[in-house]
Amino acid sequence: MGPTITRRDLLRLAGGSALGVIFSPLPWKLLDDSAIWTQNWSLNPPLSHAPISLAYSTCTLCPGGCGITARCTGGVPFSLTGTKSHPVGRGVLCAAGLAGHQMAMHPLRIVQACASSGRSVGAVISPLEREKAIAAIGAILNGLSARDAPHSVALIDRRPGRALSAVYRNFLSTVPGGLYIVSPSAEDATLTTLQQMAATPAWIGGFDFEQTRTLLSFGAPVLEGWGSPGQVMDIWSKRARTGFRLIQADSRPSRTARLAQTWLQLRPGTETILALGLGHVIIRENLHAHDIKRTTRDFAEYARLVARFDPPTVSALCGVSKESIEETARTIARRPSLVVAGTDPAGGPLPNEARTAIAALNVLLGTMGTRAGIVARNPLPGEPVMPPATTIDQVPDQSIRILIIDGAESGYDIPVSLLRKKVHPQGAIVSLSPLLTPMTAWADYIIPAPAHLELLEEISTAPGAVTCSYALARPLHPVREGSTDPLDFLRLLSAVTAGAATTIPTRDAMLRARADAIHASGRGKVFMPQDGAWIEVKGLATTEQFWQKLSEGGCWIDDGPAQSRSVSFSLLPGGNDEATRCLALLSGSETPEGSSVTVMPYGVRGATASAQVSPILSKIFQESNLKDLDGTALLHPGTATSYGLADGDSATMHNGAGTMRVVVRCDGAVLPGVVHVAAGPRRNNSDAPGCVGGEGILSLCEPGSDGTWRLTTATIGKAHGSEI
Amino acid sequence: MKRRTLMLIIAGVALGAGTGWVLFPLALYTRESQPVNFSHKVHTGEQAGMTCENCHDFTADGRFSGIPALDKCTGCHGATIGSTDEEKRFVEEFVIPGRPVPWRVYSRQPDNAYFPHAAHVKLAGIACEECHGPHGAGDALPAYQANRLTGYSRDIWGRNISGIPSHPWEGMKMDRCVRCHALQGRTDGCIDCHK
Amino acid sequence: MDPKSEKTARYGMVIDLDRCTGCGACMVACAVEHNVPPAESSATPRTGITWLRVYGMDNGPEDSGRDTAYIPMLCQQCGHDTPCIAVCPQNAVDVDPTTGIVGQVPQRCLGCRYCMTACPYHARSFNWWDPHWPAGMEKTLNPDVSPRMRGVVEKCNFCHARLHQAKAKAALEGKRDIKPADYVPACVESCPARAMVFGDLNDASSDVALAAAAAASFQFLPRLGTEPKVYYRSDRDWIRRKADHTVHSSLTEAEHR
């Protein structure tokens with residue numbers, strides 16, 4: 001038998017090999033390794049092994065100014081918490097602020113100057129060299145002459161009161177028809193109104209809220225990110241002990257209204273009537289301050305006006321019972337109490353006469369300048385006294401040649417239709433937003449600013465605070481290449497503009513100048529987040545030492561409120577015209593005709609309102625029913641039925657301004673015939689994750705003669721198939 | 001005939017076993033050298049006299065730093081202090097540009113395993129060598145071998161492919177944790193060691 | 001070393017429903033802490049991942065005396081007959097004997113979701129999608145918590161990674177028992193209204209034990225006998241009634257009114 005290899009031989013060899021392999025580690029190890037392999041899901045990102053450190057900064061998503069303690073790994077922040085015992089933030093952050101470290105990685109982030117092919121639907125946005133974009137804007141600017149004034153160059157500042165705001169204003173003063181505009185929701189409505197009513201123009205007030213026992217709020221989102229949220233939450237959570245009482249006058253079943261001890265659900269647009277009605281009861285029952293004739297200049301005229309607003313009349317117009325009106329007037333007359341006006345950011349400002357009627361109640365009750373009332377506060381040292389800013393409704397139509405929209409927060413609270421109306425057809429819109437939101441996409445040029453927590457920023461006094469504060473927001477991320485500091489944008493623009501002679505400071509110099517002024521005043525003390533220690537400013541010998549403390553995350557707080565000076569106020573600053581406008585309200589507003597409903601937009605953006613939010617906020621907007629997604633329409637079940645709609649239905653709303661698709665949500669707490677439509681984060685999706693709708697419901701809102709877009713009418717009906 | 005069959009089977013067994021014992025580990029693991037040939041021996045013992053905890057230390061919050069970050073090295077090696085070429089290269093390539101050294105970690109566990117050094121070293125009093133072996137006396141760093149299937153270091157399974165440790169410190173798989181914890185009479189939940 | 005020297009804790013929580021304003025900060029803090037990814041585009045309240053979810057609840061009557069409460073619902077850490085453990089075929093859930101925390105090991109989980117069905121509190125979430133973060137955001141993951149893969153169930157574990165850290169810190173000082181201030185879950189830490197109290201229920205002098213023993217505190221669905229370690233408190237009777245509301249109890253509740 002020769003050495004022929006048969007098939008059988010090979011099988012024997014293979015059988016032997018199999019046996020050999022079984023007695024080797026190979027199969028057992030492979031089994032174990034494959035099991036481990038299945039656990040190593042390649043889509044699970046690897047975790048950092050870098051050292052853990054703490055960093056301190058300040059949140060700049062809203063003007064609240066809460067202290068941030070960031071846990072970082074390898075210098076990258078992975079978790080934010082409120083800085084313990086922080087004097088402004090009180091150790092807490094809101095839902096939006098807690099995810100603030102993710103804003104720099106927001107999927108909508110743009111880090112490249114862009115230009116749009118037009119403002120129509122389907123316009124294409126393409127990258128453009130930054131210098132070319134600025135040269136193009138400069139060319140428009142150079143082409144302007146005094147003839148194009150009054151308002152050729154306008155800038156909307158989303159967070160007034162910054163050192164940057166002063167630079168913006170300086171720049172605008174050097175260009176033809178420069179106009180400085182602030183968002184209606186950027187300032188506290190009550191205090192700015194009182195400022196207009198005060199005889200002393202430079203008067204600045206704050207709420208001595210801590211001691212207040214009754215707060216009557218006309219639509220202010222008190223428990224949803226109003227004033228300094230940490231302080232409000234603190235006061236709210238201690239109410240069982242302190243007896244703090246919240247009375248909310250609101251048409252919408254907002255969270256604040258639902259939680260308030262008393263909710264006065266008034267008919268849409270009747271705030272003025274209710275406020276004057278309360279004034280009526282206060283005067284009738286002699287509940288007003290005894291020195292009212294001394295602190296006001298037109299008490300007699302006011303008394304004559306409110307005499308017409310007796311409880312039965314007011315009750316019939318507002319839908320609030322006569323007894324509730326009288327009871328509320330008596331409750332707020334038992335001081336310490338405060339009356340505030342406000343609105344959520346998308347809701348649009350209250351009309352002027354509503355704001356004065358509400359603010360006047362404070363004067364009437366004598367809460368002005370008293371403990372637990374509205375007290376004067378010192379201005380921030382070094383803060384230049386500036387004339388009041390303009391609001392967008394005061395600008396003539398088609399008068400703006402260049403509109404620059406500041407990127408702060410990148411939130412939206414002005415209807416695009418309104419902006420569109422104010423800008424000249426050949427005008428250019430420049431957005432400084434770091435995020436490509438639908439509204440940014442509408443601009444002609446985008447020069448994106450660095451994102452939240454990327455740039456050394458500052459934050460001063462929170463709206464409504466009685467003492468000034470100042471803190472730096474230390475960057476937690478490096479600035480992404482391609483983004484442009486708004487200061488650099490102004491500098492580059494000045495360089496290509498013929499007339500602009502202003503020098504734009506560097507960011508460091510701009511902020512140091514403010515810090516130096518505070519240090520020079522010798523007032524106040526600095527809170528240090530590392531150990532909770534307080535350092536007297538007087539104890540810091542040099543301005544450099546003060547700057548160092550601020551850079552480490554310190555928060556400067558002024559000494560107590562300003563010395564109380566007696567200021568007199570006008571209860572009807574608009575005089576006879578205002579009284580006439582108020583009296584006209586008594587004839588009642590016409591109810592929407594036919595199949596129309598009253599539409600009220602409302603904003604739901606994180607807990608504090610006006611900023612864009614991280615996609616992780618989907619937990620509260622999309623993955624639970626806690627808050628409403630953009631385009632949620634709240635209807636009374638009866639109203640829904642009468643339009644053939646049911647909970648969860650897709651519906652179309654339409655009026656002269658536009659058409660919008662909404663999702664119906666029935667809520668028995670909504671007034672019949674009223675639809676509240678949410679403007680807020682949209683559903684996460686790959687194109688625009690978590691972005692706040694740019695137009696949405698605001699596209700249906702057209703500002704009326706009173707400069708507000710709180711109320712509008714539209715038809716509503718079941719959506720069919722592919723309708724937009 | 002019978003003899004030939006037996007021979008063939010024995011040859012097969014040898015072939016199979018050889019594959020499993022010798023070729024398989026060669027195929028399963030990659031071999032990478034460390035970016036710097038660090039000598040523990042030079043730093044410890046009689047030479048520089050440092051202990052493990054001088055470099056592999058704890059932070060104040062109880063975390064173990066593992067392989068020290070570059071600044072720990074820079075503390076002494078801000079400039080070349082020895083005479084070796086390797087140190088000179090280390091200073092030039094990493095210290096001066098401030099580039100972190102991309103060390104490969106022999107004992108890196110999966111992300112879902114949690115091992116508190118503080119509890120084992122400070123409370124249980126386990127010496128470093130009991131788990132990490134006497135590498136503190138080694139003059140050269142062994143090649144880092146990664147499992148091609150799982151991506152983990154060979155030292156987790158142990159150098160011996162059979163899984164039977166040739167030294168008591170070899171192997172860092174869960175069974176080893178469990179065995180020791182059982183001997184201590186500990187009652188643990190899953191999440192005590194998993195995160 | 002004697003392992004028995006380690007104190008046996010029973011961690012629990014008391015949530016004051018009269019303080020909660022439903023702001024959602026706890027939900028965001030929780031998701032950030034535990035590396036829960038943002039929602040996929042088609043995710044809904046049914047399919048999303050929330051270890052802690054705040055529900056809004058009305059007292060019912062729509063015309064007068066309307067009252068609203070917000071209920072943060074997380075794993076109730078059932079201390080007796082823990083329903084999810086009984087049904088798990090994989091031994092992927094267990095009660096930690098030294099802390100009382102109900103632990104879930106996602107790596108053991110095969111995704112059958114029996115536990116989700118068994119949980120009376122709907123406190124468990126299933127990963128319907130691969131975890132996905134927008135580009136760059138994966139750098140902001142918490143290094144103390146491993147991300148989970150598609151197809152497994154996850155739930156609250158009282159921020160167990162924070163307990164790990166607190167224990168490591170204590171161990172460094174040679175101690176077995178942690179300082180209570182070192183172990184605070186993310187939701188408790190983040191609550192702007194300070195509505196949550198957390199701690200060891202075995203420690204009779206702790207804030208949480210005192211709050212849990214107070215007259216106004218209650219548990220959800222106590223009749224099931226699962227002995228949750230998460231307590232709630234409210235001075236409002238209607239909330240307490242709803243907390244024990246089941247299909248069978250609706251009759252008695254109607255009578256109650």
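Helices (H or I, at least four residues) and strands (E, at least two) are DSSP runs, numbered from the N terminus. The views below show a predicted model, in which local features need pLDDT of at least 70, side-chain atom pairs count only at pLDDT 80 or more, and totals for chains, interfaces and linings use all residues. Residues are numbered from 1 along each chain as its sequence is written, while chains are lettered from A and ligands numbered from 1 in the order in which they are written.

**View 1. Helix H19 of chain A and its buried residues.** Just after H19(A), A:Gly553 takes a positive phi of about 105°. Within the helix itself (residues 543–551), look for A:Phe546, A:Trp547, A:Lys549 and A:Leu550, which are buried (20 or more other C-beta atoms within 10 Å of their own; exposed means 12 or fewer, partly exposed in between, with C-beta atoms placed from the backbone). Seen down the helix axis, the buried residues of H19(A) fall within an arc of 160°, so they line one face; the arc is that of the directions from the axis to the C-beta atoms. Their packing partners in chain A include helix H18 (507–521) and strand E18 (469–473).

**View 2. Where chain C meets chain A.** Here 50 residues of chain C are in contact with 55 residues of chain A, contact being C-beta atoms, placed from the backbone, within 7 Å. Helix H1 (25–33), strand E2 (52–58) and helix H5 (186–190) of chain C each supply at least two residues to this side of chain C, and H1(C) gives the most, with seven. By type, the chain C side divides into 24 nonpolar, 14 polar and twelve charged residues. Ala, Val, Leu, Ile, Met, Phe, Trp, Tyr, Cys and Pro count as nonpolar, Asp, Glu, Lys and Arg as charged, and the others, Gly among them, as polar.

**View 3. An open, mixed sheet in chain C.** Four strands run in the order E8-E1-E10-E9; strands pair if DSSP finds at least two bridges between them. E8 (196–200) and E9 (217–218) of chain C stand at the edges with a single partner each, so one side of each has no neighbour in the sheet. E9(C) pairs with E10(C) (residues 230–233) in the antiparallel sense over two bridges, and C:Ser217 stands opposite C:Arg233.

**View 4. C:Ser205, in a loop of chain C.** This serine lies between E8 and helix H6 (207–213) of chain C. C:Ser205 is exposed, with 8 other C-beta atoms within 10 Å.

How values were computed. Two residues are in contact if their C-beta atoms, placed from the backbone, lie within 7 Å.
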